[in-house]
Amino acid sequence: MVMSNSLFSSSVLGTSYVSQVPENHVLRPLEVTDYRKGFMDCLSNLTVTGQVSEQMFQESFEEMQRTGCYFIIVVEDLSTEKIVASGCLMVEQKFIRECGRVGHIEDIVVAKGQQGKRFGKTIVKQLQEIANVTGCYKTILDCSKENVAFYEKCGMEEKGVQMSLYAPNAAHK
């Protein structure tokens with residue numbers, strides 16, 4: 001059962017980045033009703049989403065909300081009531097660094113036709129701010145070589161190498 005329509009309290013956002021989106025747009029936490037506002041369509045601009053029913057979406061939303069570790073933000077175009085950009089911060093509790101926390105930025109996406117409005121940079125900067133507010137000692141992300149320059153403009157620096165292992169039956173690009 002959904003505890004609130006929003007994935008997390010909007011008070012975590014502050015005002016510095018919320019005010020940077022253009023008129024007729026709003027930067028806010030993901031809401032359970034965003035399935036109907038094209039959230040999955042927006043994510044499909046990034047990678048394979050598969051067939052996600054509204055019930056599957058709601059169950060995942062509830063699990064993310066229950067853990068309190070997920071901070072997914074969206075930009076909604078109020079004139080079309082469509083989600084046009086999104087990003088996720090997942091906060092991982094660690095034993096190292098005096099039981100510190102690490103923020104993982106994931107799934108930064110801006111819908112086709114919406115690029116050039118600084119949504120991507122605004123989302124990354126807002127997620128970095130949430131990481132600071134939630135006590136993360138560092139924030140990390142994985143990206144393709146083509147996107148390194150963009151993330152450097154967001155204050156990130158190239159560090160290390162990403163490795164992955166896909167499950168044998170996983171859908172991936």
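Predicted model: local features only at pLDDT ≥ 70, side-chain atom pairs only at ≥ 80, totals over all residues.

**A buried arginine and its surroundings**

Reply: Arg28 counts as buried because its relative accessibility is 8%, under the 20% cut-off. Arg28 sits in strand E1, residues 25-29. Its side chain makes a polar contact of 2.8 Å with the side chain of Glu76. Beyond four places in sequence, Arg28 also touches other residues, including Leu13, Asp34, Lys37, Ile72, Ile73, Val74 and Ile83.

Helix H4 runs over residues 119-133. It has 15 residues and spans 21 Å from first C-alpha to last, close to the 21 Å expected. Its buried residues include Phe119, Ile123, Leu127 and Ile130. Gln126 and Gln128 are among the buried residues of H4 too. After H4 comes Gly135, with a positive phi near 85°.

The largest pocket holds about 1700 Å³ of space. It is lined by 49 residues, and Leu46, Thr47, Glu106, Asp107 and Ile108 are the closest to its centre. Helix H4 is one of the elements giving two or more residues to this lining. Strand E4 gives the most, with 6 residues. By class, the lining has 28 nonpolar, 13 polar and 8 charged residues.

The second largest pocket has a volume of about 750 Å³. Its lining has 22 residues, with Leu141, Asp142, Glu157, Glu158 and Lys159 nearest the centre. Here strand E5 gives the most, with 4 residues. This lining divides into 7 nonpolar, 7 polar and 8 charged residues.

Methods
Residues numbered from 1 in each chain as written. Heavy atoms only, no water. Buried < 20%, exposed > 50% of the residue type's maximum accessible area, 1.4 Å probe, protein only. Polar contact = N/O pair within 3.5 Å; in protein donor to acceptor, adjacent residues only side chain to side chain. Contact = heavy atoms within 4.5 Å. Expected span 1.5 Å × (residues − 1). 1 Å grid on protein atoms, 1.4 Å probe; cavity = no way out; pocket = protein on both sides within 12 Å on 5 of 7 lines; lining within 4 Å. Points joined across faces, edges and corners; volume = space filled by probe spheres on them. Nonpolar A, V, L, I, M, F, W, Y, C, P; charged D, E, K, R; others polar.
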